[in-house]
Amino acid sequence: MKIKDVMNGGWPLFSFEFFPPKDDAGAISLFETIANLKELRPAYVSVTYGAGGSTRRKTIDITKRIKHEIGLEAMAHLTCVGHGREEILPLLDELEQAGIENIMALRGDPPQSESSFVPHPDGFRYADGLVSFIRSRKNFCLGVAGYPEVHPEAASKDADLANLKRKVEAGGDFVVTQLFFEPRDYFDFVERAGKVGIKAPIVPGIMPVTNVAQIKRFTQMCGAKLPSPLLAKLEAVDGDPKAVAQVGIEHATRQCQELLRGGAPGIHFYTLNKSHATRTILSSLSPS
Ligand code: FAD
C-alpha cells in the first residue's frame, strides 16, 4: 500500500517511527514494542537510516520483517550520506522486490566525525536530488522532511521553505515534520507552505519527552525549541523517570489534541522504540 493513497481519507492517520537497534537484545525488544503497538492500528510504521548509512542492512531487513512478519505497512528511510547513485540503485531494487512501496527520502546528517555535510562524488548534495533520482527510476511513494522551526543549516526561513517546495515538486508525496513542541509552529508552517503552493499533506512529527538530558541533546541538534514552561516542569522532576514521562505524555497529548482539532492530517510518533508513551497518548485521543 502506498501511504499517499490512504492520506486525505478524511480521518487522521497515526504512524510510528523506530530506529534499528544495536544488538540482538534490542531487536527482540523492538519487535515486542512493534507487536504491542500493532493493535493501535497505525497506518504505517517507519524505520530510520543510521548516520553514514551505518544501519543500511538493518533498516532494510527490519522494514521487510515489519511488512511481512508483523503485517504492518512499512516505510524505509534512506539518506544520501556516503552513497553514490550506483549504491542507491540496488537498495531501491531490493526494497521494490521485497514489496516495500514507501521511502522517506532524506539528505541525512553528516557523520559525527564531520562538521558539515559532504556529498558523495556520485551522490546528492540535497534531498531533492535523491527524490528526483528515485522518482525517475522507480514507483515508490516518497515522504520528505519538513521543518516548522526551520532546518538549522538553512540560509533563511524562506529558503528552507523553497527547499521543501523543490522536494515536493521533485516527487515528494507527503511531508513529515521534525519534532516540535508548540502547535502554533506547525500551523504557521502549514500556512506558509500553502502560500508558496505546497499542496502535499504535512504530518506533524511528535516526540513525547521521556528523558530530560536526551531531549535537550536532540533539540540542540535539530534546532527545535523546548518551551520554557515545559522545560521548567521537566527539570523539576528530572531524576524521576516516571514523573518525566508523565510530563512528556501530558504535553504531547495536549499537542496532538490541538493539532488534530486544527486539521492536521494525522500524527507521526517518534517512539524511540518504546510503546508506553505512544499508547497512552493515543488512548487519550480516541473518541471512546
Ligand atoms: P535537505 O532537504 O537536503 O535540506 C538540508 C539543508 O539544506 C536545509 O537547511 C535546506 O534548507 C538546505 N538546502 C536544501 N536545498 C538547498 C539548495 N539548493 N541550496 C541551499 N540550501 C539548500 N536523518 C538520518 O540520518 N536518518 C533518518 O532516518 C532520518 N529520518 C528523519 C525523518 C524525519 C521525518 C525528519 C524530519 C528528519 C530525519 N532525519 C534523519 C534527519 C535529517 O536527515 C536531517 O534533518 C538532515 O540534516 C536534513 O535532511 P533533509 O532531508 O531535510 O535535507
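1. In helix 6, the buried residues are Asp160, Leu161, Asn163, Leu164, Lys167, Val168 and Ala170, where buried means under 20% relative accessible area, exposed over 50% and partly exposed in between, with a 1.4 Å probe and protein chains only. Helices here are DSSP runs of H or I with at least four residues, strands are runs of E with at least two, and both are numbered from the N terminus. An α-helix has 3.6 residues a turn, so residues three or four places apart point the same way.

2. Two remarks on the basis of this note: the model is predicted, so that local features need pLDDT of at least 70 and side-chain atom pairs count only at pLDDT 80 or more, while totals for chains, interfaces and linings use all residues. Residues are numbered from 1 along each chain as its sequence is written, and side-chain values use heavy atoms, with hydrogens and water left out.

3. Helix 6 has 14 residues and reaches 20 Å from its first C-alpha to its last, close to the 20 Å expected at 1.5 Å a residue; the expected span is 1.5 Å times one less than the number of residues. Its buried residues pack against helix 5 (127–137), strand 5 (141–146), strand 6 and helix 7 (183–195), contact meaning heavy atoms within 4.5 Å. Helix 6 is followed by Gly171, which has a positive phi near 135°.

4. Which element gives the most to the shell around the ligand? Helix 6 does, with 4 residues, and at least two residues each come from strand 3 (74–79), helix 6 (157–170) and strand 6 (174–179). In total 23 residues surround the ligand, the closest being Tyr49, Asp109, Tyr147, Asp160 and Lys167; a residue is near the ligand if one of its heavy atoms lies within 4 Å of it. By class, the shell has 9 nonpolar, 8 polar and 6 charged residues, with Ala, Val, Leu, Ile, Met, Phe, Trp, Tyr, Cys and Pro counted as nonpolar, Asp, Glu, Lys and Arg as charged, and the others, Gly among them, as polar.

5. A polar side-chain atom of Lys167 lies 2.7 Å from an oxygen atom of the ligand, an N or O atom in the side chain of His151 is 2.7 Å from an oxygen atom of the ligand, and a polar side-chain atom of Tyr126 lies 3.5 Å from a nitrogen atom of the ligand. The protein covers 86% of the 980 Å² of accessible area that the ligand has on its own, as computed by the Shrake-Rupley method with a 1.4 Å probe.

6. Helix 7 has 13 residues and reaches 19 Å from its first C-alpha to its last, close to the 18 Å expected. Pro183, Asp185, Tyr186, Phe189, Arg192 and Ala193 are its buried residues, and they pack against strand 5, helix 6, strand 6, strand 7 (202–206) and helix 10 (241–261).

7. Leu78, in strand 3, is buried, with a relative accessible area of 3%. Leaving aside neighbours within four places in sequence, Leu78 is in contact with residues including Tyr49, Ile88, Met104 and Ile134.

Key:
A polar contact is a pair of N or O atoms within 3.5 Å; within protein, one must be able to donate a hydrogen and the other to accept it, and residues adjacent in sequence count only if both atoms are side-chain atoms.
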